[in-house]
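This report walks through one structure. It starts with the nonpolar core and then turns to helix packing and the sheet.

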Amino acid sequence: MILHTVPGSPNGRKVEAVISHLGLEVEIRHRNLFAGELRSPDYLVLNANAKAPTLVDGDFTLWETTAIMQYLCEKAGDSTLFPRSPRTRADITRWQCWEGLYFNAALGTLAFETVAKAKRNIGPPDAVLVEQARASLSRFAPVLNGHLDGRKYVVDERLTLADYSMATFEHYENRVPFDFAPYRHIRGYFERMRQSEHWVRAGAAAQSIAA
């Protein structure tokens, strides 16, 4: 299998954490986003959305991070990150959808507008997008914080795909203009994920490539 990804990509990190966790042999091919490599003809054949990551498994090509994560578990025959129980799978998928549509969509916007833009010197933050993202986080952070009250992980009290998805932007907790202080369960959860072996390993690999 081959994973096409962008160095430092938050979504790529999710997939690479799963690969590490499952002990899979997957070739990692890095694409340079800022050099336009996601829009090169050879890549658009794989992913017409010009997004990353994309997984190639023989004659099968798969994009969308959540789908890739779930597929890798099936390939590995794993029943810990993505258990066989229909209810547990639905619960994991529910939270993966939720984080992508709401919580991490907002947090990712803040990370891009207020951190990544300055780092890459690609213009000032869009004030409208920043305020919209802050408002969205104010709405949805309480949902996650309440869910995590008394829980160690998002689903089933053990690490699953839901956690590798939810932790996407944990390293921006203290770097974006949003006050996480009232959300102690989220902060505690982020700290636990920062101790997670494969999440840490995927992050270190991404940082070494992107540096």
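## Nonpolar core

In this predicted model, the largest nonpolar core holds 52 residues. Phe 103, Tyr 164 and Ile 186 touch the most other members. Seen by element, two or more core residues come from each of H1, H3, helix H4 (86–120), helix H5 (127–148), helix H6 (161–166), helix H7 (184–193) and helix H8 (197–210). H4 gives the largest share, with 9 residues. In soluble globular proteins, nonpolar side chains tend to be buried together.

What does Ile 186 touch, leaving aside its neighbours within four places in sequence? Its contacts are Phe 103, Ala 141, Leu 144, Asn 145, Leu 148 and Phe 180.

## H5 against H7

Two packed helices are described by the angle between their axes and the distance between the axes. For H5 and H7, the angle is about 70° and the axes are 7 Å apart. An angle from 65 to 115 degrees counts as roughly perpendicular, so H5 and H7 are roughly perpendicular to each other.

On the H5 side, the contact is made by Ala 141, Leu 144, Asn 145 and Leu 148. H7 brings Arg 184, His 185, Ile 186 and Tyr 189. Sorted by class, the contact of H5 with H7 has 5 nonpolar, 2 polar and 1 charged residues.

## His 198

Helix H8 contains His 198. Is this residue buried or exposed? The relative accessible area of His 198 is 14%. Buried means under 20%, so His 198 is buried.

Leaving aside neighbours within four places in sequence, His 198 is in contact with Ala 17, Ser 20, His 21 and Tyr 164. Tyr 164 is also one of the residues that touch the most other members of the core.

## The sheet and its helices

Four strands form an open sheet in the order E2-E1-E3-E4, with mixed pairing. Strand E2 (27–30) and strand E4 (60–63) stand at the edges. Each has a single partner strand, so one side of each is left without a neighbour in the sheet. On average, neighbouring strands are turned by 20° against each other, direction ignored.

Strand E3 (residues 54–57) pairs with E4 in the antiparallel sense, over 4 bridges. Leu 55 stands opposite Leu 62 in E4. Helix H3 (residues 65–76) packs on the sheet and touches E3 and E4. The direction of H3 makes about 130° with that of E4.

Helix H1 (residues 10–22) lies across strand E1 (2–5) and E2. H1 runs at about 155° to E1.

Technical notes:
Residues numbered from 1 in each chain as written. Predicted model: local features only at pLDDT ≥ 70, side-chain atom pairs only at ≥ 80, totals over all residues. Heavy atoms only, no water. Pairing = 2+ DSSP bridges. Axes fitted to C-alpha atoms, helices over the stretch in contact; angles between N-to-C directions. Contact = heavy atoms within 4.5 Å. Core = buried A, V, L, I, M, F, W, Y, C linked by side-chain atoms within 4.5 Å. Buried < 20%, exposed > 50% of the residue type's maximum accessible area, 1.4 Å probe, protein only. Parallel < 35°, antiparallel > 145°, perpendicular 65-115°, else oblique. Nonpolar A, V, L, I, M, F, W, Y, C, P; charged D, E, K, R; others polar.
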